[in-house]
Amino acid sequence: MPERLAQGIHGQLDLPTCSVPIVEIARKLDIGEVRCERFDGFEGMLLTDRVRSRGAILANTRHGSRRARFTVAHELGHFLLERHELSGETGFLCQAVDLRETRQTRHHQRQESEANRFAADLLAPARYVADLLSHDPDLREAQRIRDALDISLEVSVRRLVEVRDEALAAVWSLHGQVRYVVRSFGFPFVTLQKGDPVPKTTAAHRAGRNGSTGFTEMVETHSMAWTGQSELDMWEQTRVGQNGHAVTLLQVELTEEGSDNGHGTDPNMPGFR
């Protein structure tokens with residue numbers, strides 16, 4: 001299991017409860033070279049042999065150093081997870097979509113999903129995240145988790161949704177159009193798909209239209225706009241970032257009848273950045 005492997009590394013190396021030194025870890029685990037710089041055409045690459053006796057990792061810094069740290073951890077996952085098969089003659093070549101992959105249905109998707117789970121648990125273990133949580137769900141705590149663990153905001157929001165006990169979902173958007181959705185266990189199905197506009201009746205739409213960066217407060221919202229169900233008690237909060245990027249946190253109070261027992265992430269395009 002990817003999560004168990006990441007936990008084992010933490011136990012053996014006695015890692016600090018802050019920014020995990022991912023490059024040092026990789027070198028201790030037989031990765032001879034780690035290069036983090038701007039590349040064209042890929043997000044990450046693991047050069048290795050078929051028995052993975054040694055390796056070299058290339059990580060693209062085009063989207064920032066925190067994204068590159070996740071890419072290094074993702075490629076290290078390919079190197080360490082025993083059943084992973086090389087995608088080419090010389091190793092693994094990973095595109096941006098691979099670092100968003102969570103589906104388990106196909107062999108390639110399963111490998112990318114497992115590498116992502118390994119990377120998340122290595123850089124942001126659940127117990128580290130839990131120690132940083134506040135009383136109520138709030139995107140501001142995701143930003144604190146990001147800064148404390150030196151991970152991207154996408155990873156920290158994703159971990160917030162996974163670790164908290166409340167039924168939560170996060171909707172990423174760009175210029176008012178949905179990019180992808182993740183949801184925790186029990187959160188109702190979010191009916192929005194990639195490319196759909198953020199519903200005009202929501203505070204998220206108003207925050208994006210306003211154009212000011214920063215956080216809104218958590219406010220009650222119409223569940224019909226997000227889930228197609230009208231009877232749910234739901235709240236939303238949005239963080240508007242730079243260049244049209246935004247993320248909206250949804251919280252729902254469920255009764256037993258209100259849960260669809262869905263799990264984890266929307267199978268379409270959840271991911272990390």
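Author: Tyr180 has a relative accessible area of 4% and is therefore buried. Here buried stands for under 20% relative accessible area, exposed for over 50%, and partly exposed for what lies in between, with a 1.4 Å probe and protein chains only. Trp172 also counts as buried, because its relative accessibility is 4%.

The model is predicted, so local features need pLDDT of at least 70 and side-chain atom pairs count only at pLDDT 80 or more, whereas totals for chains, interfaces and linings use all residues. Residues are numbered from 1 along each chain as its sequence is written, and side-chain values use heavy atoms, with hydrogens and water left out.

Next, the aromatic rings. Rings of Phe, Tyr and Trp (its six-membered ring) pair if their centres lie within 6.5 Å; planes under 30 degrees apart count as stacked, over 60 as edge-to-face, and the rest as tilted. The count by this rule is two aromatic pairs. Phe39 and Phe42 are both buried. Trp172 and Tyr180 also form a stacked pair, at 4.7 Å centre to centre with 25° between the planes.

Charged side chains come next. A salt bridge is taken as a side-chain nitrogen of Lys or Arg within 4 Å of a carboxyl oxygen of Asp or Glu, and the structure holds 17 of these salt bridges. One of them joins Arg54 to Asp49, at 3.2 Å from N to O. Arg54 has a relative accessible area of 57% and so is exposed.

Arg66 and Asp150 meet in a salt bridge at 2.9 Å, N to O. This pair links distant parts of the chain, 84 residues apart: Arg66 belongs to helix α3 (residues 65-80), and Asp150 to the loop between α6 (139-149) and α7 (153-163). Helices and strands are DSSP runs numbered from the N terminus (helices H or I, at least four residues; strands E, at least two). Arg66 counts as partly exposed because its relative accessibility is 26%, and Asp150 as partly exposed because its value is 22%.

Glu141 and Arg164 form another salt bridge, with their closest N and O atoms 2.9 Å apart. Here too distant parts of the chain are linked, 23 residues apart, with Glu141 in helix α6 and Arg164 in the loop between α7 and β5 (167-174). Glu141 is buried because its relative accessible area is 0%, and Arg164 counts as buried because its relative accessibility is 8%. Salt bridges with shared partners join Arg66, Arg69, Arg146, Asp147 and Asp150 into one network.

Helix α1 can be described by its faces. Its 12 residues (2-13) reach 17 Å from the first C-alpha to the last, close to the 16 Å expected at 1.5 Å a residue, where the expected span is 1.5 Å times one less than the number of residues. Pro2, Ala6, Ile9 and His10 of α1 are buried. Seen down the axis of α1, the buried residues fall within an arc of 100°, so they line one face of the helix; the arc is that of the directions from the helix axis to the C-beta atoms. An α-helix has 3.6 residues a turn, so residues three or four places apart point the same way. On the other side of α1, Arg4, Gly11 and Gln12 are exposed. The buried residues of α1 pack against α2 (22-28), α3, α4 (107-123) and α5 (126-131), contact being heavy atoms within 4.5 Å.

Two strands pair if DSSP finds at least two bridges between them. β9 pairs with strand β7 (residues 214-215) in the antiparallel sense over two bridges, and Arg239 in β9 is the bridge partner of Phe215. Strand β8 (residues 219-221) runs antiparallel to β9 and is joined to it by three bridges, with Thr221 opposite Met234 in β9. Eight bridges pair β9 with strand β10 (residues 245-253), again in the antiparallel sense. Here Met234 stands opposite Val252 in β10. β9 and β10 form a hairpin with four residues between them, and Asn243 in the turn has a positive phi of about 60°.
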